[in-house]
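Welcome, and thanks for taking a look at this one. Below is a short tour that goes from the domain arrangement to charged pairs and then to a few individual residues.

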Amino acid sequence: MIVRMKDRREENALAVASAMASAGFDVSRLDLPFGLFLAGMGREDDAGGGIEALPGVDWVRRDAKGPVLAARERHPEGSRVLLGDLPVGGEDLALIAGPCSVEGRDQIRTAARFVASYGATALRGGAYKPRTSPYSFQGLGKEGLALLRDAGRATGLPVVTEIMEPADAQAMAPFVDCFQVGARSMQNFPLLRTVGQAGKPVVLKRGPSASLSEFLLAAEYVLLQGNPNVILCERGIKTFETATRNTLDLNAVPVLKAATHLPVLVDPSHGTGRQDAVIPMARAAVAAGADGLLVEVHPDPDHALSDGDQSLTLTQFRRLVEEIRPVAEAVGRRLSVPGASRFGAGSGPRIRRGSGWGV
Ligand code: PEP
Ligand code: MN
């Protein structure tokens with residue numbers, strides 16, 4: 001059961017919460033930007049009759065089959081999720097770029113400096129890698145997190161990295177600006193609850209075999225912990241096609257934008273698995289209305305320890321930025337201009353510490 005309050009008046013919320021608790025629900029109070037909600041779990045939804053009539057109750061939803069908190073109608077103008085100082089979901093196009101895995105200090109620093117200087121808004125890099133084969137490189141773990149953090153600090157970029165284990169959240173938190181929940185973990189419900197409680201934005205990737213409705217319900221798990229800062233990421237799904245690693249489902253962009261207020265990114269790297277397809281699909285994603293891109297970039301893709309086949313070189317990343325810029329403008333989006341203010345007159349210049357143009 002989920003109850004929306006008409007306003008944030010404390011005494012009403014307390015009375016409703018205690019009525020729900022008396023009916024046997026475990027109650028959470030969710031103070032979200034688009035309203036105050038009380039979520040009741042652990043009981044059949046037909047319990048707690050009479051709650052509708054309590055003072056301050058706007059509505060009560062029982063037996064919801066689809067997302068309630070993530071639904072577009074909760075916040076029709078769309079949510080903005082802050083990634084560093086960038087509001088993802090507005091006019092600015094987010095560009096999360098960096099290697100698949102953090103492999104060493106030079107590798108991550110070189111990638112970070114380059115993507116920062118060409119307008120990336122966040123640095124990505126995996127330290128805990130979900131690899132299909134247990135014999136493949138599994139990531140540098142803690143050492144990788146520290147290297148990622150250092151590279152982010154050196155370039156002024158917030159960092160995004162994947163969390164696989166709920167138990168890692170506390171130790172990872174000081175190193176991470178935004179948690180990524182990977183495609184394989186999309187329905188790891190304990191992990192979704194954990195990142196919901198971690199107080200940081202979350203990039204939630206679509207499971208390779210997940211429907212859009214399952215994807216939105218996974219986001220709902222995070223919101224139900226009181227964390228509204230979820231950024232969805234379409235990264236390709238499994239189909240019969242073998243020419244590409246996955247089939248990038250660009251239908252997802254307009255369909256998700258209609259169904260939810262959460263920002264939607266596209267990852268053309270995992271979505272195609274092919275370096276030569278990444279830039280064309282990045283252009284297409286921006287044209288389709290994506291709020292940003294997540295792209296793998298490596299200083300030396302031929303020797304990458306993971307996902308080299310789909311990683312752009314540094315110069316290819318520069319080309320990607322140049323090629324998406326006119327597309328972004330055509331659909332009313334802005335792309336950061338390196339060295340210039342992202343926010344326009346009056347909001348002060350956006351200055352990145354230590355970012356240069358060279359590699
Ligand atoms: C990644 O971002 O490197 C990754 C493993 O992505 P996905 O979970 O989409 O496969
Ligand atoms: Mn990868």
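The C-alpha centres of domain 1 and domain 2 lie 35 Å apart. Domain 1 covers 2-65 and domain 2 covers 81-330, with bounds that come from an automatic or database domain assignment. Please keep in mind that this is a predicted model, in which local features need pLDDT of at least 70, side-chain atom pairs count only at pLDDT 80 or more, and totals for chains, interfaces and linings use all residues. Residues are numbered from 1 along each chain as its sequence is written, chains are lettered from A and ligands numbered from 1 in the order in which they are written, and side-chain values use heavy atoms, with hydrogens and water left out.

Eight residues from domain 1 and seven residues from domain 2 take part in the contact, where contact means heavy atoms within 4.5 Å. The size of an interface is often given as the accessible area lost when the parts come together. Here the area buried between domain 1 and domain 2 is about 540 Å², and carbon and sulfur atoms give 81% of it. Buried area is the accessible area (1.4 Å probe) that two parts lose on being put together, summed over both.

Which residues of domain 1 lose the most area to domain 2? They are Leu30, Leu32 and Phe34, together accounting for 59% of what that side buries. Strand 2 (26-32) and strand 3 (35-41) each supply at least two residues of the side of domain 1 that touches domain 2. Strands (E, at least two residues) and helices (H or I, at least four) are DSSP runs, numbered from the N terminus. By class, that side of domain 1 has seven nonpolar, no polar and one charged residues. In this scheme Ala, Val, Leu, Ile, Met, Phe, Trp, Tyr, Cys and Pro count as nonpolar, Asp, Glu, Lys and Arg as charged, and the others, Gly among them, as polar.

How many salt bridges does the rule find across the interface of domain 1 and domain 2? The number is zero, a salt bridge being a side-chain nitrogen of Lys or Arg within 4 Å of a carboxyl oxygen of Asp or Glu.

**Charged pairs**

Side chains of opposite charge can pair when their charged atoms come close. A search of the whole structure finds 20 salt bridges, and the table gives some of them.

| Salt bridge | Closest N and O atoms |
|---|---|
| Glu296 and Arg124 | 3.3 Å |
| Arg245 and Asp307 | 3.0 Å |

Glu296 forms a salt bridge with Arg124. This pair links distant parts of the chain, with Glu296 in strand 14 (residues 292-296) and Arg124 in strand 8 (residues 122-124), 172 residues apart. Glu296 is buried at a relative accessible area of 0%, and Arg124 is buried at 3%. Buried means under 20% relative accessible area, exposed over 50%, and partly exposed in between (1.4 Å probe, protein chains only).

Arg245 forms a salt bridge with Asp307. Arg245 lies in the loop between strand 12 (230-234) and helix 7 (252-259), and Asp307 in the loop between strand 14 and helix 10 (314-330), so the pair ties together parts that are 62 residues apart in sequence. Arg245 is partly exposed, with a relative accessible area of 37%, while Asp307 is buried at 17%.

Asp276 is exposed, with a relative accessible area of 51%, and Arg274 counts as partly exposed at 34%. Elsewhere, salt bridges that share partners join Arg8, Glu10, Arg29 and Asp31 into one network.

Is His75 buried or exposed? His75 is buried, with a relative accessible area of 14%, and sits in the loop between strand 4 (57-61) and strand 5 (81-83). Leaving aside neighbours within four places in sequence, His75 is in contact with Phe34 and His261.

Gly144 belongs to helix 3 (residues 142-155) and is buried, with a relative accessible area of 0%. Beyond its neighbours within four places in sequence, Gly144 is in contact with Val102 and Ala127. The C-alpha atoms of Gly144 and Thr194 are separated by 21 Å, and the two residues are 50 residues apart along the chain.

Thr194 is one of the buried residues of helix 5 (residues 189-197), along with Leu191, Leu192, Val195 and Gly196. The buried residues of helix 5 pack against helix 4 (169-172), strand 10 (178-181), strand 11 (202-205) and helix 6 (212-223). Just after helix 5, Gly199 takes a positive phi of about 70°.
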